[in-house]
Structures are given as C-alpha cells and as structure tokens.
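Please keep the model open while reading.

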Amino acid sequence: MADERRTRVRFAPSPTGPLHMGGVRTALYNYLYAKKRGGDFIIRIEDTDSQRFVPGAEAYIIEALAWCGIIPDEGVDMATGKVVEEASAKHPHAPYRQSQRRGLYRAYAEQLVNAGWAYYAFDSSEELNAARTAAEAEGRTFIYNASTRGQLRNSLTIPETEVKNMLDTRTDWTIRFRMPEGRIVAMDDMIRGHVEVNTDTLDDKVLWKRADELPTYHLANIVDDHLMEITEVIRGEEWLPSLPLHYLLYEAFGWTDTMPRFAHLPLLLKPVGNGKLSKRDGDKMGFPVFPLNWKNSEGETYHGYREDGYFPDAFVNLLAMLGWNPGTEQEIFSMEQLIEAFSVEHVSKSGAKFNPDKAKWYNKEYLRMKSDEQLATLFEPILASHDVRADHDYVVKVCGLIKERATFVADFWDIASYLFVAPASYNEKDVAKFWKEENYTLAFEIADIIAGKGVEAAEEQIRERQWPMGKIMNCIRLALVGSSSGLGIADIVSLIGVGEFSKRIENIKKALL
C-alpha cells in the first residue's frame, strides 16, 4: 500500500502565469511532508494546456521556489530551468515536463477505450452548445454522461466503420471517460475525512484531444503519478471535485493497490469579505500575492514579496501558518523546525484568511533576529544607491540602533538617513510647533554644553534650571534630524560626533534665523 513505500510527493504547477502565494504554500506543504518522512519531493511541470501556456512562467516558478528554499529531489533543475541531465539519464521517472512525455498518454487513453472505460467523442463545439442551450430551455443543466451520451455523436452511438473513418479523417475528436451509472464512489481525504459521491452527478470528462495530441490534466496527472510512484497527492481544494474521477481512473487502470493518498488544502482567503485571495485584493490593499515580481504581456508589473523587501524565511514562515496549526503557541519556525513539526492532519479544513499586517509582523521578527553584521551588508547597497559611502563598522552600529524600528531593510534609509547625511530641510509642522524663540535660545545654550561636556551634563543642567526638556531637545533634534522624531540625542551625537553635531546646529541657525 502507499504508506508502506518510500514517501514521494510532487508539486505540479502549470506554466500559465506567475505562481500565486497559494501555489507556493502547496509546494511548501509537499516539501515539509516529504522531508519529515525522509522521502522525495518532486517538481513536475504540467504544460499540456497549450492554449494557456505563458512564456517565462516556468522559469518564474523555478526561481520563486528556489528563493523560498523549496528545493526538489527530482524535477526541473532549479539553477538552469532545464531537466536535470543526470536524473534524465539515470532516473526512470524523467522527464519532468508533461510536454516531453506526450507520447505516453494516447496509449493509456486507448487502453481505457479498449477496456470499456472510455470512448471516442466526435461532437463539435457547435453541437455541444446546442445541447446545452436545449437543456437550459427545459430548466436543466447539460451533463455529458450516461443520461445524454446515447443521443450524442460518439463511438457508443455511431457504427464501428464510421468511427474508424472519422478517427482517420478528422482531427477534432476526443477521448472521454465513461462515467459509470449509479455508482457511489467512496473516498478518503487526509484532511477532510470520508467523502462519498454519486456518479450520476458527474460528467464524462475529456481525457485526450486529437487536435493537439495532448492529454487533459485528469489523464496526465494520474498516469504520471503512477509512473513516478507518487505516494501522496497534496494539492489545492479546487481539485476536490475531480477526486471521484481520479479514484475511478485508478480503478480503470487496475492501479488501486498503488493509488496515492489524497489531501486537499484549504483556500487562502482575502483579508476582507469572502472569497479566494486574488491579485485584485493585493492591488486594492497594497500587498503582493506573488513571491517575485512579474511583468505581464501588457508590460504591467505585479509586485512580489522578494522585491518588496521580505526575507524568504519570513515569507515561508507566514505561508506555513496559513491553514496549518502546530498545536502550540509557537509562531516563529525555521525550515528545519517546520519539517519537524508539520503534519497534514493539523491542516485546517476551512479557508485561511490572509492578514497583510501579520505578514509584515513576520518580516519584522525575522529582521530583528538577524545580526547587525548581516543587516549592514544588506543596507550598504541601499546607501550606495543614495551615493553614500560609509565605514562598515559604522553601518553595523547604526543597524544595531535602528533595527527595532524597522519592518524592512529598505526602511533603514527613511529611519536613519540623517546619521549619514545632514538634513537639507526641516519639517514644517515641527518647526511651527517647536522652533520658537523661547525654546531655541535655550536650545543653543544646551547645545554648547553638549558639545563641551556631553548630553548627560546638558540634561542635568536643564533639570536644575527647570527648563522645558521636551521643547529644548526637540529643537536640537530638528537640527540633527530635520524633524522631531529620531533616535535619542545621546545616540545621535555618539554616532555623528561632536564636530558634525556643531555643524548641524550652525546649519539650522542659518536656515531658520
């Protein structure tokens, strides 16, 4: 049985556009499941939908997963985007793109026809539209199955000689699955438990198309999962309605003894209201729904978590918690800890609401956990973009003082540019509020004490004379920062030095007096 074999799971995206964060979560859960069991995680590109194929989408998927640290044991090479040559040569499961396996599927579809589990269908799109319209006129929903297939153009209703002729001369026919009549399909889902469906509610899905000689998802994924010895299929909730067909396909092929177990993950839901999280929600509320930036064919750029400044480990952590509960209060997990703690049984049945503020919280927590040295290395390219060259040890000190105030490394410049460059202007509201003669005359006296004896001596002087500490210090901070917000005066002076401190006091005098 499946649970007695080596664990093998797969993530099988279609290259039809950028990878949604929900898809990354599916890949992550598969990866965690495999690694916990010492098994194999496989990436298989399901590129048989020729009409929806988008150039560049496969490379995007590969790069996004690599950024997240979700690395396959088999599949498309993460560095080059090519099928791993060693795996292709030595591994029986290769290749890992369905388009490169296209020669396999027709034989399996024909096998089902010969066994009575499928049939040839010759209905044109016009004929099918007419059948749908007629059903709607009678208040019914058209379903191509046992209730209607006897009145339609297929190998079950057309003489054998005519079928053979149409197979030879036409290119618009398909092979459809022959859904059994009046069957109850009993299924078990690792997340949702036992499910039963009556086959009379299901239609005869297309399995293979003569027009492009490619299989549909239903046939290709069953054949590939069998040949690649997949033991568990962990995929999105949207595939749950297809589960009865997939169960029956395993039965039709005689593969029930090696049929994988199934788990259908809950949807990621929009932050406000109901429904699936979409790009539109991100556009409206100002957060990304893709791991990396993506430019579509019209030249529009969709924002990604990487380019918005998120750490990959923070992104992975927040995704793991969207639908999975470790059963404890712990919220911060390394990849190794996630592998150890993860179980499909603790994945929720209901959808998980995405909270963009929580996503920022995760990044802030990961930023705080990084060393000052690491943050300085990340901050220095931002300084260079502002034509600032600073001593590395100085940058390290600055990062140590400001990281508690930041969510992203990109915030460092907004928070602390004044520690590298003297302010060129002064906040108008703060000037109106604090820059009054009775305040700045005292501030200049205190500035002289700071320059000569230090901040502590100056503060002691203010207390002894019972001067307004806040108003005086905010005038001085205006001179140093350009606004009334920023680090403590002592920290600023210790970093920029007394000489620079005095220059900035003179600058504000020239600018505002």
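This is a predicted model: local features need pLDDT of at least 70, side-chain atom pairs count only at pLDDT 80 or more; totals for chains, interfaces and linings use all residues.

How many residues of the lining of the second largest pocket are nonpolar, polar and charged? The lining has nine nonpolar residues, seven polar residues and three charged residues.

The lining of the second largest pocket comprises 19 residues. Met321, Leu322, Gly323, Trp324 and Tyr362 are those that lie nearest the centre of this pocket. The space inside the second largest pocket comes to about 270 Å³. Two elements, β14 (352-353) and α12 (356-369), each contribute at least two residues to its lining. Helix α12 gives the largest share of the lining, with three residues.

The structure contains 29 aromatic pairs. One of them is formed by Phe287 and Phe354, whose ring centres are 5.0 Å apart. The planes of Phe287 and Phe354 make an angle of 50 degrees, and the pair is classed as tilted. Phe354 sits in the loop between β14 and α12, while Phe287 sits in the loop between α9 and β12 (294-295). The two residues are 67 residues apart, and their pair links distant parts of the chain. Phe287 and Phe354 are both buried.

The loop between α9 and β12 also holds Phe290, which pairs with Tyr302 in strand β13 (residues 301-302). The ring centres of Phe290 and Tyr302 are 5.6 Å apart and their planes are at 20 degrees, so this pair counts as stacked. What separates stacked from tilted here is the angle between the planes, with stacked meaning under 30 degrees. Because Phe290 and Tyr302 are twelve residues apart in sequence, their pair ties together separate parts of the chain. Phe290 is buried, as is Tyr302. Elsewhere, ring pairs join Trp67, Tyr305, Tyr310, Phe315 and Phe408 into a cluster.

Charged side chains make links of another kind. The count of salt bridges comes to 35. Lys279 and Asp283 form one of them, with their closest N and O atoms 2.4 Å apart. Why are Lys279 and Asp283 separated by about one helical turn? They are four residues apart in helix α9 (residues 279-285), and therefore about one helical turn lies between them. Lys279 is partly exposed, at 26% relative accessibility, whereas Asp283 is exposed, with a relative accessible area of 53%.

A second salt bridge joins the side chains of Asp372 and Lys403, at 3.0 Å from N to O. Asp372 belongs to helix α13 (residues 372-385), and Lys403 to the loop between α14 (392-402) and α15 (411-416). Asp372 has 25% relative accessibility and counts as partly exposed. Lys403 has 13% relative accessibility and counts as buried, because the limit for buried is under 20%.

Arg465 is part of helix α18 (residues 455-465) and Glu445 is part of helix α17 (residues 437-453), so the pair ties together parts that are 20 residues apart in sequence. Arg465 is partly exposed, at 39% relative accessibility. Glu445 is partly exposed, with a relative accessible area of 39%. Salt bridges can also join up, and Arg10, Arg44, Glu46, Arg101, Asp224 and Asp225 are linked in a network of them.

Two single residues complete the tour. Thr26 lies in helix α1 (residues 21-36). Is Thr26 buried or exposed? Its relative accessibility is 11%, so Thr26 counts as buried. Apart from neighbours within four places in sequence, Thr26 is in contact with Phe11, Ile234, Arg235 and Leu265.

Val493 lies in helix α20 (residues 489-512). At 10% relative accessibility, Val493 is counted as buried. When neighbours within four places in sequence are left aside, Val493 is in contact with Ile450, Val455, Leu480, Val498 and Phe501. Ile42, by contrast, is 56 Å from Val493 in space, C-alpha to C-alpha, and 451 residues from it in sequence.

Note on methods:
Residues are numbered from 1 along each chain as its sequence is written. Side-chain values use heavy atoms; hydrogens and water are left out. Buried means under 20% relative accessible area, exposed over 50%, partly exposed in between (1.4 Å probe, protein chains only). Contact means heavy atoms within 4.5 Å. A salt bridge is a side-chain nitrogen of Lys or Arg within 4 Å of a carboxyl oxygen of Asp or Glu. On a 1 Å grid over the protein atoms alone, a cavity is a set of points where a 1.4 Å probe fits but cannot get out, and a pocket is an open set with protein on both sides within 12 Å along at least five of seven lines; lining residues have an atom within 4 Å of a point. Grid points are joined across faces, edges and corners, and a volume is the space filled by probe spheres set on the points. Ala, Val, Leu, Ile, Met, Phe, Trp, Tyr, Cys and Pro count as nonpolar, Asp, Glu, Lys and Arg as charged, and the others, Gly among them, as polar. Rings of Phe, Tyr and Trp (its six-membered ring) pair if their centres lie within 6.5 Å; planes under 30 degrees apart count as stacked, over 60 as edge-to-face and the rest as tilted.
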